[in-house]
Amino acid sequence: MDFLFPLLILALLVPMFFGIRKQKREAEKVASMQESLKVGDQVVTTSGLYGTVVDLDDTTVDLEIAEEVVTTWLRQAIREVRAEEPVVEETATATDTAADAVVEESAEQTETRLTKD
């Protein structure tokens, strides 16, 4: 019975200790990512805004969110750096040719389809 209380305390403190360590590790990883930002990086902010870094300061980052639209953000607002996505060239496929072969319905067919009960 004398060992029950220390074991209970130990059982509660060990998971808490490991949780705090994991949080610190994640925070260090995010801080190092925010410090290593460079011009041209494609990033996502904590609010979900996608943009490209166009200028950096000690505490702020200027993001281009649309063509010639630049906004200023705190470095801490950058959640992640997006990986470059390869550009896939569009090729003509059977679905493209099938989409071109679609025939529009006549006015009478549209009226018939809309008035059916």
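Helices (H or I, at least four residues) and strands (E, at least two) are DSSP runs, numbered from the N terminus. The exercises below concern a predicted model, in which local features need pLDDT of at least 70 and side-chain atom pairs count only at pLDDT 80 or more, while totals for chains, interfaces and linings use all residues. Residues are numbered from 1 along each chain as its sequence is written, and side-chain values use heavy atoms, with hydrogens and water left out.

**Exercise 1. The elements of the chain**

State how many helices and strands the protein chain has, and in what order its elements run.

Solution. Begin with the count, which comes to 3 helices and 5 strands for the protein chain. Then read the elements from the N terminus on, which gives the order α-β-β-β-β-β-α-α.

**Exercise 2. Strand pairing**

Work out how strand β2 is paired with β1 and with β3.

Solution. Recall that two strands pair if DSSP finds at least two bridges between them. Take β1 (residues 42–45) and β2 (residues 50–56), which pair in the antiparallel sense over 3 bridges, with V44 standing opposite Y50 in β2. The hairpin of these two strands has 4 residues between them, and here G48 takes a positive phi near 90 degrees. Next, follow β2 to β3 (residues 60–66), to which β2 is joined by 4 bridges, again in the antiparallel sense. In this pair D55 stands opposite D62 in β3, and the hairpin that β2 and β3 form has 3 residues between the strands.

**Exercise 3. Salt bridges**

Find how many salt bridges the whole structure holds, and describe the residues that form them.

Solution. Apply the criterion, a side-chain nitrogen of Lys or Arg within 4 Å of a carboxyl oxygen of Asp or Glu; a search of the whole structure then finds 3 salt bridges. One joins K29 to E26, with the closest N and O atoms 3.9 Å apart. These two residues are 3 residues apart in helix α1, so they are separated by about one helical turn, and E26 is partly exposed at a relative accessible area of 40%. Another joins D41 to K38 at 3.3 Å between the closest N and O atoms, and D41 is buried, with a relative accessible area of 10%. A further salt bridge links R79 with E80, where the closest N and O atoms are 3.9 Å apart; R79 is partly exposed at 44%, and E80 is likewise partly exposed, at 38% relative accessibility.

**Exercise 4. Burial in the whole chain**

Determine what share of the protein chain is buried, and where L7 lies.

Solution. Of the 117 residues in the protein chain, buried residues make up 13%. L7 lies in helix α1 (residues 4–35), and L7 is exposed, since its relative accessible area is 54%.

Technical notes: Buried < 20%, exposed > 50% of the residue type's maximum accessible area, 1.4 Å probe, protein only.
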